[in-house]
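Subject: Structure handover and findings

Hello,

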Amino acid sequence: MSERPFSDKFDIVGSFLPSPELIEARNAFDAGRIDAAAMRSAEDKAIASLVERQLKAGLPFVTSGELRRRVWNKDFYFGLGGIEKGRVEADALRQNLPAFADLMLFKAPISYNPEHPFFNDFKFLYNAAAGRAQVRQTIPSPADLYLEILTITDDDPGRVYPSPDTLIDDIAGAYRETIRGFYRLGCRHLQLDDTAAGQLADSWFLNTLILGGIDPVKLQNDIITLLNKSVEGLPADMGISLFVSGGVNVVPAWRTDDTPDNVLANLLRNVNIRHFFLPFSPSEPEQLDILRFLRPESIVTLGLLSAHMPFSDKIPYVRNAIEHARQYLPAEAISISPTSGFKLSSFAERGLTEEDQWHKIDQLRYIATDL
């Protein structure tokens, strides 16, 4: 992979809260008051404005804020070959999870789609940045897609997938070629957003999988294999980062014991990715002992500020966590970020506003002056 993919000491995970104007446009589109072209125009305007704001904030990379996405992961999955969007009334479905959103139907093996809609989205972002900053593309991890398929089928993907024996290779191939597609468009840094490993560290989720007949140790090994196959053979100057999230709880249940079932420890030392975004609770610095499992060449963006809370974080706790991390990483291998992206469906209920995310970035910049 490429050398250090960022120059500054603070960063962001990638997603931003939508502006009031974009929310209004989305509501109008859903109600049928504007058409798809008008909705696209509103998104373009919001993303162009977001790029300017990110440049002003001094961020090392700019992103689209994921402002076009309705669902953080499935919007990407539906752009891959072999996956179609279905609803309960549209087809015969066999699964053990309730259907709260559009469902994935597999009519053919998962494959690369040269017309993936995210490509046009990236072109717009790249042109909006106009060479003034590096551009980062974020997509859901291939491990999340794999885990979702296993979960809805109780570890029997043949119930929904036409060629279960090739599932891992199919997903990896589709991702690998999609990343190459972004590269051809000028992308030199891509972030994989992974909740699969973080969820496997949760005891409740793990027990659910075991009761469903899934071997968690085999699953973690399959996930590591899938991630490595998805990034193998990429151009040397294509930087890949992995954001490890616990899902709904954001911060994974970090364990620091060296045992075969410690999925997060095994992930850090066996995945062929150098740059990690890792969220922690600053009030529990012992969580950062997980960093001892990193490869020597690794670089880490420590997620230490809450993106989903409007109040200022406790700076002494954050600085103490950074000092703890220096036991395992040299200063030049450390930067800081929020624990997650800013985008959150329940932001209004939490008292969050669009401006709160920029206050967090200001706080990051202030803390980073000591790094």
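Below are the findings, grouped by topic.

**Ground rules**

This is a predicted model, so to speak of a local feature takes pLDDT of at least 70 and a side-chain atom pair counts only at pLDDT 80 or more, while totals for chains, interfaces and linings use all residues. Residues are numbered from 1 along each chain as its sequence is written, and side-chain values use heavy atoms, with hydrogens and water left out.

Helices (H or I, at least four residues) and strands (E, at least two) are DSSP runs, numbered from the N terminus. Buried means under 20% relative accessible area, exposed means over 50%, and partly exposed is in between (1.4 Å probe, protein chains only). The areas come from the Shrake-Rupley method.

**Salt bridges**

Side chains of opposite charge can pair when their charged atoms come close. The criterion here is a side-chain nitrogen of Lys or Arg within 4 Å of a carboxyl oxygen of Asp or Glu. A search of the whole structure gives 24 salt bridges.

One of them joins Asp-30 and Arg-70, at 3.0 Å from N to O. Asp-30 sits in helix H1 (residues 20-30) and Arg-70 in the loop between S1 and H3, so this pair ties together parts 40 residues apart in sequence. Both ends are partly exposed: Asp-30 has a relative accessible area of 46%, and Arg-70 is at 48%.

Asp-261 and Arg-255 also meet in a salt bridge, at 3.1 Å from N to O. Asp-261 is partly exposed at 38% relative accessibility. Arg-255 is partly exposed too, at 28%.

Asp-258 pairs with Arg-269, with the closest N and O atoms 2.8 Å apart. Asp-258 lies in the loop between S7 and H10 and Arg-269 in helix H10, so the pair links parts that are 11 residues apart in sequence. Arg-269 is partly exposed, at 26%.

There is also a network. Salt bridges with shared partners join Arg-26, Arg-40, Glu-43, Asp-44, Arg-68 and Asp-121.

**Helix H10**

How much of H10 is covered? Six of its eight residues (263-270) are buried. They are Val-263, Leu-264, Ala-265, Asn-266, Leu-267 and Leu-268. These buried residues pack against helix H7 (196-200), H9, strand S7 (239-244) and strand S8 (275-279). Contact here means heavy atoms within 4.5 Å.

**A negative patch**

Asp-154, Asp-155, Asp-156 and Asp-215 form a negative surface patch. Patch residues have over 30% relative accessible area and no salt bridge, and like charges are joined within 9 Å. Asp and Glu count as negative, Lys and Arg as positive; His and the chain ends are not counted. The place of a charge is CG for Asp, CD for Glu, NZ for Lys and CZ for Arg.

Asp-215 is in the loop between helix H8 (203-211) and helix H9 (216-231). Asp-215 is partly exposed, at 42%. Asp-155 lies in the loop between helix H5 (142-152) and helix H6 (167-184), and is partly exposed at 34%.

**Positive phi**

Which backbone angles deserve a look? Asp-155 has a positive phi of about 65°, although it is not a glycine. Glu-66, also not a glycine, has a positive phi near 55°. Glu-66 is in the loop between strand S1 (61-62) and helix H3 (74-77). At 9% relative accessibility, Glu-66 counts as buried.

Best regards

Definitions and conventions:
Patches are made of residues with over 30% relative accessible area and no salt bridge: like charges are joined within 9 Å, nonpolar side chains (Val, Leu, Ile, Met, Phe, Trp, Tyr) within 5 Å. Accessible areas come from the Shrake-Rupley method with a 1.4 Å probe; for residues, only the protein chains shown count as cover.
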